[in-house]
Amino acid sequence: MGLVESGKMPKPLTSLLNTARKYSLWAYQWGLACCAIEMGAAFASPRYDVMRLGVIPLPASPRQADVVVISGTVTDKMVPSIKRLYEQMADPKYVISMGSCTNCGGPYWDSYSVTKGIDQVLPVDVYIPGCPPRPEALLEGIVLLQQRIGREDMADRWRGDPLVVQ
Amino acid sequence: MAEATDTAAEEAQAPRDEEREALLAEMTEALGDAVVGSHVAPGRGLWLRVTRDAWYDAVETVKLRFGFTFFDFLSGIDWMPSPWGRYEDAAVDTGIPRPDPDAPIETGVAGGDTRFQVFCRLADVRRPAPHRNVVLKADLPDDDLRIRSIVPLFAGANWHERECWEMFGITFDGHPGLRHLYLPSEFEGHPLRKDFPLLARLVKPWPGIVDVEPMPDEAAPGDGDTAGGDA
């Protein structure tokens, strides 16, 4: 991909690349609490059929994944693991934060052990509100992410600073 | 205490629980001076408070001599009234009276002399359900929160004691490995102690209190169409 690296990607090619990328999202999942049930319904059930959006759930490893869906209550003890597996994903990578707990701590806003928002740790692309969100909400979040990917300038992303998690 | 009066009223009406009372008498005889308090709730349960020094022997006796071989759980209790009261909630939600932080410590059934107690529940599962069970308690003095581990008697108590150690700061002598179980290893403090501050609550009241929804027969304040629409 010398073209991408040089930063002289013709617009049609960028658009083609982005279209290809956004319709083959390999989604890696962090199911941590009850949101994972809704995520399971969205990802693994014929009723919601996430594959029609081009999302392939259940990759064998985070190294194959393009997007991670963090759904459920993130505790301070779990954060190092989440960070570690996020770091193993190959760039470009995206994060969907699903549910109130992951967004901001949710009902555990005063807890001594719950992380008040995964965005303190990872760069979140899409927040899905709800407690838990319905599977349709997750599907909408995926569509929003796809719109975002569609508008992305690959060359910018390629030459920009790498995503480093503090 | 409202619960105590309810219990008393129940007990006045309930028939005497001769089986549990007989069991209590037998156990008191077997444990001797170790027993410092007891309580029988007819049809519900039996509580036995023993001295800290006799804790291990009491559990052993109840297990081996009386056949309570099923270890249900072990945990701790902090009876101190919360010094934080209801935090900032009390400023917003005035319907509930503010608790008195200086109120004397009230302990539960079978009494108690100290702020901290350790308790465990054992059951006799030899007969078909309902199984007999007993709750053993021990007082721990504030300045020496230690008690002998019962892991040699019940291997399943291992994690319960680890949890109790990290949540209450109670040390179990003879435990094979007191390490953090739920909390990150660098965690400071003992979260289930009543004086452990919840920092989020110190700075603002519970956000949910602000959204008081009107009762169905009351007029909704402001725009009626959107009230409750976010549920």
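**Reading the interface and the core**

Guide: In this predicted model, three residue pairs are in polar contact between chain B and chain A, both residues of each pair being at pLDDT 80 or more. By class, the side of chain B that touches chain A comprises 14 nonpolar, one polar and two charged residues.

Visitor: Which residues form the salt bridge between chain B and chain A?

Guide: The count between these two chains is one salt bridge. Asp110(A) pairs with Arg201(B), and their closest N and O atoms are 2.3 Å apart.

Visitor: How is the area buried between chain B and chain A to be read?

Guide: The size of an interface is often expressed as the accessible area lost when the parts come together. Here about 880 Å² is buried between chain B and chain A, with carbon and sulfur atoms giving 69% of this area. On the side of chain B, Pro184(B), Leu198(B) and Ala200(B) lose the most area to chain A, together 36% of what that side buries.

Visitor: Which residues have the most contacts inside the largest nonpolar core?

Guide: That core has 44 residues, and those with the most contacts inside it include Met27(B), Trp55(B) and Ile170(B). Its largest share, five residues, is supplied by H3(B).

Visitor: With which residues is Trp55(B) in contact, leaving aside its neighbours within four places in sequence?

Guide: Among them are Val50(B), Leu74(B), Phe119(B), Lys137(B) and Ile150(B). A second, separate core of 21 residues includes Val50(A), Val67(A), Leu139(A) and Ile142(A).

Terms used: Residues are numbered from 1 along each chain as its sequence is written. Chains are lettered from A and ligands numbered from 1 in the order in which they are written. This is a predicted model: local features need pLDDT of at least 70, side-chain atom pairs count only at pLDDT 80 or more; totals for chains, interfaces and linings use all residues. Side-chain values use heavy atoms; hydrogens and water are left out. Buried area is the accessible area (1.4 Å probe) that two parts lose on being put together, summed over both. A salt bridge is a side-chain nitrogen of Lys or Arg within 4 Å of a carboxyl oxygen of Asp or Glu. A polar contact is a pair of N or O atoms within 3.5 Å; within protein, one must be able to donate a hydrogen and the other to accept it, and residues adjacent in sequence count only if both atoms are side-chain atoms. Ala, Val, Leu, Ile, Met, Phe, Trp, Tyr, Cys and Pro count as nonpolar, Asp, Glu, Lys and Arg as charged, and the others, Gly among them, as polar. A nonpolar core is a set of buried Ala, Val, Leu, Ile, Met, Phe, Trp, Tyr and Cys residues joined through side-chain atoms within 4.5 Å. Buried means under 20% relative accessible area, exposed over 50%, partly exposed in between (1.4 Å probe, protein chains only). Helices (H or I, at least four residues) and strands (E, at least two) are DSSP runs, numbered from the N terminus. Contact means heavy atoms within 4.5 Å.
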